[in-house]
Amino acid sequence: MEKLTVDDVLLQTVVTLINVGARKAGLAEGSEADLPQVKQAIDAARALLPLLEPEHGEHLGPVRDALSRLQMAYVQKSGDQPPAPDAPSEPEEKGAGPAQSSGRLWVPGQ
C-alpha cells in the first residue's frame with residue numbers, strides 16, 4: 001500500500017471504466033448493450049484523463065485509442081448523429097428583401 005500512488009489508481013480506474021464500457025456496449029460475447037452505462041463510462045474516463053496527463057502523458061496513447069474505439073462503438077450502436085437542421089417541406093416563395101426593393105442591392109440579371 002505504501003508504493004501505491006493516486007496516479008496508479010486513476011490509471012487503473014480509467015482502464016476499468018473502458019473495459020466495463022466495452023462490456024456494456026455489447027462488445028463482449030454474450031453481453032447486451034446498455035447505452036446509458038456506456039455513455040457514463042466514456043464520460044467518466046474522459047473526465048479522469050486530464051488528471052493523468054502530467055505524469056503519464058506520453059504513455060496514454062493506448063488508453064486514448066481504446067477510449068476512441070469505445071466512443072465509436074457507442075455512436076454506431078446508438079445511431080447518435082447530430083440533429084439535421086429542419087428543412088422546409090416546400091421551398092418558400094421569397095419576395096424582394098428591403099435592400100433589393102430599395103434599389104440599393106445589385107442582383108445579377110436584374
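Asp 7 touches Leu 51, Leu 52, Glu 55 and His 56, leaving aside residues up to four places away in sequence (contact means heavy atoms within 4.5 Å). Asp 7 lies in helix α1. Helices are DSSP runs of H or I with at least four residues, numbered from the N terminus. Between Asp 7 and Glu 53 there are 46 residues in sequence and 9.9 Å in space, C-alpha to C-alpha.

The model is predicted, so local features need pLDDT of at least 70 and side-chain atom pairs count only at pLDDT 80 or more, while totals for chains, interfaces and linings use all residues. Residues are numbered from 1 along each chain as its sequence is written, and side-chain values use heavy atoms, with hydrogens and water left out.

Helix α3 spans residues 61-78 and has 18 residues. From first C-alpha to last it reaches 26 Å, close to the 26 Å expected at 1.5 Å a residue. The expected span is 1.5 Å times one less than the number of residues.

The buried residues of α3 are Val 63, Leu 67, Leu 70, Ala 73 and Tyr 74 (buried means under 20% relative accessible area, with a 1.4 Å probe and protein chains only). They cover an arc of only 120 degrees around the axis, which puts them on the same side of α3. The arc is that of the directions from the helix axis to the C-beta atoms. An α-helix has 3.6 residues a turn, so residues three or four places apart point the same way. The face of α3 turned away from its buried side carries Pro 62, Arg 69 and Gln 76, which are exposed (over 50%). The cover over the buried residues of α3 includes α1 (6-24) and α2 (35-56).

Helices α1 and α3 pack at about 25 degrees, with axes 10 Å apart. Axes are lines fitted to C-alpha atoms, for helices over the stretch in contact, and angles run from 0 to 180 degrees between N-to-C directions. The angle makes α1 roughly parallel to α3 (under 35 degrees). Residues in this contact include Leu 11, Val 14 and Ile 18 of α1, and Val 63, Ala 66 and Leu 70 of α3.

The axes of α2 and α3 come within 10 Å and cross at roughly 155 degrees. That makes α2 roughly antiparallel to α3 (over 145 degrees). Among the residues that meet here are Ile 42 and Leu 49 in α2, and Leu 67 and Tyr 74 in α3.

Just after α3, Gly 79 takes a positive phi of about 65 degrees.

Technical notes
Helix = DSSP H or I, 4+ residues; strand = E, 2+ residues; numbered from the N terminus. Parallel < 35°, antiparallel > 145°, perpendicular 65-115°, else oblique.
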